[in-house]
Amino acid sequence: MKIVLYSDIHAQLAPLDAVQEAVAKENADREIVIGDLVMLGPEPVEVVERFMWRKDVDVLAGNLDWWVSKRKDETDPPKNEHHVWLYEMVKKTRERLSAEQIDYLDGLMWSMTITPEKGHDFFIFHATPDDIEDAIPLRFTDEEVKEKIKGTDAEIMAFGHVHGPYVREVDGQTLVCTAAVGMNWDGDYRPAYSVVEYEGDGKWNVETKRVAYDCEAQAKKNENGWMPHGERIAKMVRTGEFWNPAHMPH
Ligand SMILES: [Fe+2]
């Protein structure tokens with residue numbers, strides 16, 4: 001069984017086009033999107049539309065999809081300046097989406113398990129198994145990773161949220177970070193996706209792929225669009241680095 005996974009599109013249509021074009025050529029059995037369709041980008045309507053009517057793709061929720069559909073900007077006071085900016089974007093993103101699109105985001109599942117063979121589970125979630133807003137960054141020690149995935153006995157798990165793809169083994173379990181499509185923070189601007197293939201007898205093969213595209217045109221859309229501080233997002237789209245190195249989210 002061959003599964004393609006990608007995540008953290010963040011309302012950026014051109015890198016999504018590039019990834020979906022590559023994914024189409026993979027001839028996979030399953031296509032799974034691991035959340036954060038919207039926020040941090042100028043094209044939330046177009047990105048949600050891309051998935052809303054498709055029956056052949058599984059889509060999970062991300063923390064920022066949840067912020068938008070649950071009106072986090074109205075229910076939780078901002079914790080810092082960064083939040084003030086994000087909340088403004090949550091509000092403006094929600095204003096652009098239709099009620100039907102917001103309902104779609106609200107109805108997305110938070111995790112799923114694929115079992116190609118009895119006793120061989122592949123567990124998929126946006127951030128950590130228990131928390132849509134937590135994270136498993138690459139810098140974590142094995143002990144820190146084990147604490148986050150405690151109670152998860154799947155042979156392999158995939159998630160997004162961290163914006164820099166990686167594959168890691170911890171105590172016999174495989175962790176696959178698929179993120180991100182919209183913008184990365186690992187110094188490589190190219191959108192990423194993962195190919196996970198179950199070869200039988202508990203053997204899983206994992207590959208991370210990256211796709212080049214015209215990031216300059218997409219960066220300009222961010223700079224010249226409706227978003228507050230679109231220039232910050234444009235910088236990430238162009239460089240593959242977080243806009244403010246002093247304030248990395250994870
Ligand atoms: Fe996220």
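**Close-up views of a predicted model**

**View 1. Strand β1 lies between two partner strands, β2 and β9.** In β2, Val4 has Glu31 as its bridge partner. The pairing of β1 with strand β2 (residues 30-34) is parallel and rests on four bridges, where strands count as paired if DSSP finds at least two bridges between them. Four bridges also join β1 to β9, but these two run antiparallel, and here Lys2 has Glu197 of β9 as its bridge partner. Strand β1 (residues 2-6) is mostly covered, with four of its five residues buried; a residue is called buried if 20 or more other C-beta atoms lie within 10 Å of its own, exposed if 12 or fewer do, and partly exposed in between, with the C-beta atoms placed from the backbone. Strands (E, at least two residues) and helices (H or I, at least four) are DSSP runs, numbered from the N terminus.

The model is predicted, and local features need a pLDDT of at least 70, side-chain atom pairs count only at pLDDT 80 or more, and totals for chains, interfaces and linings use all residues. Residues are numbered from 1 along each chain as its sequence is written.

**View 2. Strands β9 and β10 form a hairpin with two residues between them.** Strand β9 (residues 192-200) pairs with strand β10 (residues 203-210) in the antiparallel sense, over eight bridges. Glu197 stands opposite Asn205 in β10, while in the turn Asp201 has a positive phi of about 55°.

**View 3. An open sheet of five strands has mixed pairing and the order β4-β5-β6-β8-β7.** At its edges are β4 (111-117) and β7 (166-170), each of which pairs on one side only. Neighbouring strands of this sheet are turned by 20° against each other on average, direction ignored. Between β7 and strand β8 (residues 173-177) the pairing is antiparallel, over five bridges, and Val167 stands opposite Val176 in β8.

**View 4. Helices α2 and α6 cross in a left-handed sense.** The axes of helix α2 (residues 44-52) and helix α6 (residues 99-106) come within 11 Å and cross at roughly 65°; axes are lines fitted to C-alpha atoms, for helices over the stretch in contact, and angles run from 0 to 180 degrees between N-to-C directions. A crossing is left-handed if the near helix is turned anticlockwise from the far one by less than a right angle, and right-handed if clockwise. Val45, Val48 and Met52 of α2 make the contact with Gln101, Tyr104 and Leu105 of α6, where contact requires C-beta atoms, placed from the backbone, to lie within 7 Å.

**View 5. Helix α6 has a buried side and an exposed face turned away from it.** The buried residues of α6 are Gln101, Tyr104 and Leu105. They cover an arc of only 95° around the axis, which puts them on the same side of α6; the arc is that of the directions from the helix axis to the C-beta atoms. These buried residues pack against α2 and α3 (63-69), whereas the opposite face carries the exposed residues Ala99, Glu100 and Asp103.

**View 6. Asp142 is found in helix α7 (residues 142-148).** Asp142 counts as exposed because it has 11 C-beta neighbours inside 10 Å. Asp142 and Val170 are 28 residues apart in sequence, yet in space they are 6.1 Å apart, C-alpha to C-alpha.

Key:
Two residues are in contact if their C-beta atoms, placed from the backbone, lie within 7 Å.
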